[in-house]
Amino acid sequence: MDAQLYLGILYEKGHGIDQDWSKAREWYIKAANQNNSNANHNLGSIYYFGRGVEVNYKLAFQYYETAANQGDVNAQLQLGFLYSNGHGTDQDLTKAKEWYIKAANQNNSIANHNLGNIYYFGRGVEVNYKLAFQYYEIAANQGDVDAQVQLGFLYSNGHGTDQDWTKAREWYIKAANQNDSIANHNLGNMYYYGRGVEINYKVAFQYYETAANQGYVDAQLQLGFLYSNGHGTDQDLTKAIEWYIKAANQNDSTANYNLGNMYYYGRGVEVNYKVAFQYYETAANQGDVDAQLQLADMYDRGLGVEKDSGEAIKIYLKISDKNNFIWITLGEIYHSADTQFQDFSKALECYEQTDGGNKSYALRGLGLLYEHGDGVEKDYEKAFEYYKLSEYEGNKGAYYNIALLYYYGKGVAKDFTRCIWIF
C-alpha cells in the first residue's frame, strides 16, 4: 500500500521518472482502494486543482471526505474549506467549523487560524473576539505566520484582549522574521506614527523598505511617500516615482494619483499635463475620488486633454455625494458664460447645495444671480443679504460686490462713506 502511494508521488513529482499525472492517479487509486488516507487526499487534490484531469469539485469532495473520515488532517482541513466555500457541496459553515475543529484537535495551525477567522468575522457564528483571539493565539504559537500577524493586529486594536502595543510589536516581529510583508509594513506604521514606541522615521523606513521589496503594495506606496518627503531618508523624487510606479503596477489607485501629481506639478520631472492626465484617469477608473476630481478639473480647463466641460459635469455629478466641493464647482460651470452648458437654474441648485468650506463662494454666487436676475427674479436686497453672508464666511470678493451696492444704492441706501471704507 505504501509503495503504491509512493509510486504515485514519484509520478506526480517527476522524481526519478517523467512526470505523469495519469499514472500518478492510477497508483493513488490502487492505494486508496486499500484505505490509504494520503492517497484519497492526493486524489482529492488532483480533481480539485485539475492536475491531469478536468477540475471536478464533486469528485474532489468525495475523496477529501473519505480521507478526512480516515483521520487525514490535511483532508479535514480541506473539507472545512470546501464546506466554507460551497465547493463540491452546498455551503455549510457549521460543518466547515466541525471539520476545522477536528483538524485543530490534531494540532493543525491553519485550522486554528481558520477557526479564529470564523469567530472574528462571524462566519456561521456570532462575532466573538475573545474566542477568535484564543484560536489565533494557538495558531500563532504553532508558528502560523498569518495568525501571528492577526494576533499583532488584535493586540494593536484591543480586540478580544486588552490593547497592548508592546505585545503587538512582538508578534509582528515574529511574523516579520518569517518574511511576512504585512508584518514588516505594520512595524513600519508603528515607528512612523509612534504607536507604542517613539516616532522613528529611519526605523520605519527600514521596515517599509523590507516590505516593499517583498512586494507589498501598501509599503511600496508608503516608501514612495517617504522618498517624496524625505522622511527617514534623503528626499529623492526619482526614487519616489520608481516606488509609486511599482505600486501602480499592482493597480494601486493612490499610487496612480500620486504619479499624476508628480507630472502635474513637476515634482522630480518636467510638468507634463498629458502624462498627468493619463495617471489621473487610471486612478479615477480605479475609484479614487481625488483623481476623479482632478480629472474633471482638467476636462473643464482643457489641460492635458481637449476641453470638455460636458465630460467634467458628468464626472462631478457621478461623485457629487462623495465631496461637497463639487457643488460649488458645478455651480460655477453652469453660471459661466464661457461654456455651452450655461444654465442659471442649475447654478442656483448647485449653489444652494454647497456647504462646508466652500459655502462662502456659493453664497457670493447666489448674490450674483439675484443681483443680475439670472435664473431668478432680480432682487437687490436678497443679493445684498447673500453678499453679507459670504463676507461673514470670509469671502473677500464679496466686499467688492457690497461696496458697489452701497455706491449705486441697490438693495441698500446709498452710502459713499461705507463704499469708500470697504474699498
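Colleague: What should I keep in mind about numbering and confidence?

Modeller: Residues are numbered from 1 along each chain as its sequence is written, and side-chain values use heavy atoms, with hydrogens and water left out. In this predicted model, local features need pLDDT of at least 70 and side-chain atom pairs count only at pLDDT 80 or more, while totals for chains, interfaces and linings use all residues.

Colleague: At what angle do helix 17 and helix 18 pack?

Modeller: Axes are lines fitted to C-alpha atoms over the stretch in contact, with angles from 0 to 180 degrees between N-to-C directions. Helix 17 (residues 289-301) and helix 18 (residues 309-318) pack at about 160°, their axes 7 Å apart, and are therefore roughly antiparallel (over 145 degrees). Their contact (heavy atoms within 4.5 Å) includes Gln292, Leu295 and Tyr299 of helix 17 and Glu311 and Ile315 of helix 18.

Colleague: Which residues line the largest pocket?

Modeller: A pocket is an open set of points on a 1 Å grid, where a 1.4 Å probe fits, with protein on both sides within 12 Å along at least five of seven lines, and lining residues have an atom within 4 Å of a point. Here the lining consists of Glu281, Ala284, Asn285, Gln292, Leu295, Tyr299, Glu311, Ile315 and Lys318, and the pocket volume, the space filled by probe spheres set on the points, is about 190 Å³. Helix 16 (273-285), helix 17 and helix 18 each supply at least two lining residues.

Colleague: How do helix 20 and helix 21 cross?

Modeller: The axes of helix 20 (residues 344-353) and helix 21 (residues 359-372) come within 9 Å and cross at roughly 145°. Phe344, Leu348 and Tyr351 of helix 20 are among the contact residues, as are Leu366 and Leu369 of helix 21.

Note on methods: Helices (H or I, at least four residues) and strands (E, at least two) are DSSP runs, numbered from the N terminus. Angles under 35 degrees count as roughly parallel, over 145 as roughly antiparallel, 65 to 115 as roughly perpendicular and the rest as oblique.
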